[in-house]
Amino acid sequence: MESLIDRTLGGYNLTQELGMGGMATVYKAYQPRLERSVAVKVLDPAFITDDSDVLARFRREAKAIAALRHPNILTVYDYGEEEGLAYIVMEYVEGGTLKDRLEGEPFEPQRAVGLSIGVGRALAFGHDQGIIHRDVKPANILLPREDWPLLADFGLVKLQQARRALTQAGMILGTPDYTSPEQALGEPADHRADIYALGVVLYEMITGRLPFEADKAFDVLLMHINEAPPKPREIVPNTPEIAEDIILKALAKSPAERYPDMQDMVTNLEAVWETFQTSVHLASPPAEDSIHHATMQIDSVQSFLKGPRFVVAATGSPLLIPQKDEVLIGRADPRGKVVPDIDLSVYGGGTAGVSRQHARLLRTGEGWMIEDLRSTNGTFVNDRRVPASQPTPLNDGDSVRCGQLVLNFHTDEVDSL
């Protein structure tokens with residue numbers, strides 16, 4: 001496919017080539033009408049023939065992913081066909097991809113698990129809509145921030161409810177390093193192929209290497225089909241055993257032996273994440289301070305039972321609300337000067353799409369109110385969106401959602417033990 005740099009498609013000025021795949025090229029483009037940069041994915045015209053289903057699949061891709069609205073899925077803006085070219089217009093992300101960060105060295109387990117949770121939530125959401133990604137890999141995981149993954153390129157999706165198959169039987173879709181055994185055999189694949197691929201990605205982050213490596217792609221496929229991967233703890237001994245168990249279950253050869261659905265895998269990953277948070281906040285103190293430390297822990301727990309607080313719905317972790325008239329909710333930025341009063345980063349806020357300055361609590365004579373601070377993914381009370389800069393009353397027992405992180409609000413009344 002010849003370069004389209006300096007061409008204009010549908011009002012988008014193509015300025016830079018970002019990447020090329022087997023069937024399409026992605027360009028950075030400028031949209032003058034909205035004064036913003038976008039990414040434009042252009043299908044290679046060589047694949048568009050009168051008797052080919054490729055264009056039909058490309059149209060179907062555009063409609064499918066345009067309907068997916070999730071904090072961990074790249075946004076699709078537009079689709080068009082012009083002068084024999086078909087293209088999709090997507091959100092442009094400056095931060096690069098997970099592939100750019102993988103340099104043969106293991107990630108900290110906490111970081112690897114956190115990123116996997118975000119990708120897993122995106123896949124679980126897609127699966128709920130009847131869409132399988134089929135090409136989960138680090139190159140398709142964008143990082144607008146280091147702790148916020150965006151899953152991109154549903155170019156090989158298969159609609160589970162489609163009446164007509166748009167791929168030929170026996171055709172292998174995906175990338176060999178992340179291909180499930182059933183895909184490698186050319187067999188029909190369902191959502192459990194995405195579970196396998198996410199298991200490979202997590203394995204690579206945890207160990208710094210792929211589970212199967214060979215000079216030829218065909219040999220890698222054979223290894224996916226026939227060989228057991230080295231256990232992560234044999235490569236990186238400090239890998240949490242529970243994280244290893246999750247990886248090996250996701251990498252089971254038989255789809256029936258993997259997690260039955262992506263949400264089950266995410267739930268287990270979130271449990272691992274919670275152990276990381278517990279170890280940070282309840283690390284064992286020196287022996288001589290143990291009694292004092294234990295007393296402080298008891299006092300801390302009692303204070304949570306008395307004051308106004310949030311409780312993280314997924315884990316039951318209590319968050320004491322400071323006795324201030326204005327309380328900032330968000331995520332701490334090591335490079336920034338603003339520190340939130342309630343920092344949600346340690347509770348998965350990064351992967352849940354919580355903004356640095358997400359929302360604000362206001363204490364009034366009539367009680368607590370909450371307002372959204374024009375956050376990226378919104379603030380919701382009992383699933384109703386809070387308008388930006390318009391305080392909304394909070395009542396005992398209300399559910400507050402910041403992005404995808406759900407908190408339960410409780411007032412001053414003491415909980416019964």
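Select Asn 382 to begin the tour: at 41% relative accessibility, this residue counts as partly exposed, because the partly exposed class lies between the buried limit of under 20% and the exposed limit of over 50%. The model on display is a predicted one.

Asn 382 sits in the loop between β17 (379-381) and β18 (384-385). The backbone deserves attention here: the phi angle of Asn 382 is positive, at about 50 degrees, although the residue is not a glycine.

Next, move to residues 76-82, which form β5, and to residues 85-91, which form β6.

Is Glu 83 buried or exposed? Glu 83 has 65% relative accessibility and therefore counts as exposed, since the exposed class begins over 50%.

Ten helices and 21 strands are present in the chain. Colour the residues by burial: of the 417 residues in the chain, 46% are buried.

Then switch to a surface display. The accessible surface of the chain amounts to about 20400 Å², and carbon and sulfur atoms account for 50% of this area.

Finally, show the contacts within the chain. Taking those between residues at least 6 apart in sequence, 57% join residues at least 24 apart.

Key:
Residues numbered from 1 in each chain as written. Predicted model: local features only at pLDDT ≥ 70, side-chain atom pairs only at ≥ 80, totals over all residues. Heavy atoms only, no water. Helix = DSSP H or I, 4+ residues; strand = E, 2+ residues; numbered from the N terminus. Buried < 20%, exposed > 50% of the residue type's maximum accessible area, 1.4 Å probe, protein only. Contact = heavy atoms within 4.5 Å. Areas by Shrake-Rupley, 256 points an atom, 1.4 Å probe, with all protein chains shown as cover.
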